[in-house]
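Work through the following exercises with the sequence and the model side by side, and try each task before reading its solution.

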Amino acid sequence: MLLAVRHSTRYQYDKPVRESVMEVWMQPQKRTGQRLISFELELDPAAQLFSYADTFGNAVYHFDIPQPHERLTIMARSAVETEAPAALPDTLDRGEWDRLKSDFVRGEHFDFLHPHGFARPSPALEGFVAEKDLGALRVHDPLSAVRDLNRAVYEAFEYEAGVTRADSPIDDVLKARKGVCQDFSHVMIAICREWGLPARYVSGYLFTDRKAGDRSDPDATHAWVEVFLPSLRWVGFDPTNNILAGERHIACAVGRDYSDVPPSRGVYKGEADSELAVGVTVRKARAAVSEPEFLRISQPAPRPGQRRSQYSGLAYDQQRQQQQ
């Protein structure tokens with residue numbers, strides 16, 4: 001499947017800011033089943049781009065706009081060719097649980113076996129696991145258990161944007177029983193790690209198919225989960241839509257949770273309020289790719305002084321894009 005992605009991010013300030021420093025994780029990966037054909041990043045105001053690979057091998061683009069500006073626009077365009085993954089077996093043997101306990105697996109995937117950031121256990125998560133009797137799923141082989149967990153998370157939560165935020169802990173979605181893909185992925189990752197399964201957060205896009213039952217927002221970034229099974233390597237599960245990750249999924253970056261791989265992250269200097277607008281389109285490449293029909297407007301950022309960044313001076317965190 002040949003897919004074209006257009007991802008527009010706009011930060012609007014109510015008065016000029018002196019400087020913006022940003023990093024973005026928007027370039028689709030080169031991986032099995034996914035071939036990156038092209039990627040371009042346009043900035044307004046213009047700035048020099050620097051790129052590097054982060055700890056997890058993701059492509060990161062960094063730039064600094066040192067002059068005063070009232071608006072910052074990031075436009076990322078990608079063309080990607082994807083293939084359907086090989087069919088999975090119905091089950092694995094029970095020995096897979098023992099293979100997951102090997103020193104090699106536990107050492108090689110240490111980062112994806114332990115709580116981090118948003119994907120961590122809590123009393124609310126323990127209550128959810130007990131309420132749904134999810135521990136009983138472990139009587140099956142790991143592949144069957146994760147398939148069932150994927151479905152259980154899908155059935156337990158309603159999809160609704162605006163209930164949670166980009167920085168919401170999983171307790172918020174567990175209480176509301178509503179949220180978006182970012183929330184569902186964190187819940188599933190935390191449970192998998194408690195089971196001794198290496199699990200990682202995948203940030204990217206989805207070519208949405210309403211006829212297939214997809215409930216995620218077609219005009220937003222997407223997130224899902226990859227679980228490491230020694231006999232199969234990394235396998236993708238999408239708890240938002242109760243499907244396996246396939247040729248309609250485009251992976252941009254992997255990390256321990258959302259905080260490792262947000263689509264964009266940065267700070268600005270100045271006494272200004274900011275507003276974030278995001279527009280995403282994912283289309284089959286043979287069709288014309290037009291401008292996003294709308295830009296999703298987030299709530300204004302807290303006033304300067306309410307939230308400090310790690311930088312000195314009047315530097316404040318840019319708003320983050322919640323993955324839908």
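**Exercise 1.** How many disulfides does a search of the whole structure find?

*Solution.* The search finds zero disulfides, a disulfide being a pair of cysteine sulfur atoms within 2.5 Å. Take C181 to begin with: C181 is in no disulfide, and the nearest cysteine sulfur, that of C252, is 12 Å away. Next, the sulfur of C192 is too far for a bond, because the closest cysteine sulfur, in C181, is 16 Å from it. This is a predicted model, in which local features need pLDDT of at least 70 and side-chain atom pairs count only at pLDDT 80 or more, whereas totals for chains, interfaces and linings use all residues. Residues are numbered from 1 along each chain as its sequence is written, and side-chain values use heavy atoms, with hydrogens and water left out.

**Exercise 2.** Determine whether C192 and L244 are buried, exposed or partly exposed.

*Solution.* Buried means under 20% relative accessible area, exposed over 50%, and partly exposed in between (1.4 Å probe, protein chains only). With a relative accessible area of 0%, C192 is buried, while L244, at 37%, is partly exposed.

**Exercise 3.** Find the residues in contact with L244, leaving aside its neighbours within four places in sequence.

*Solution.* Counting heavy atoms within 4.5 Å as contact, one finds L88, G236, F237 and H249. As a further step, compare L244 with P85: the two are 159 residues apart in sequence, yet 9.5 Å apart in space, C-alpha to C-alpha.
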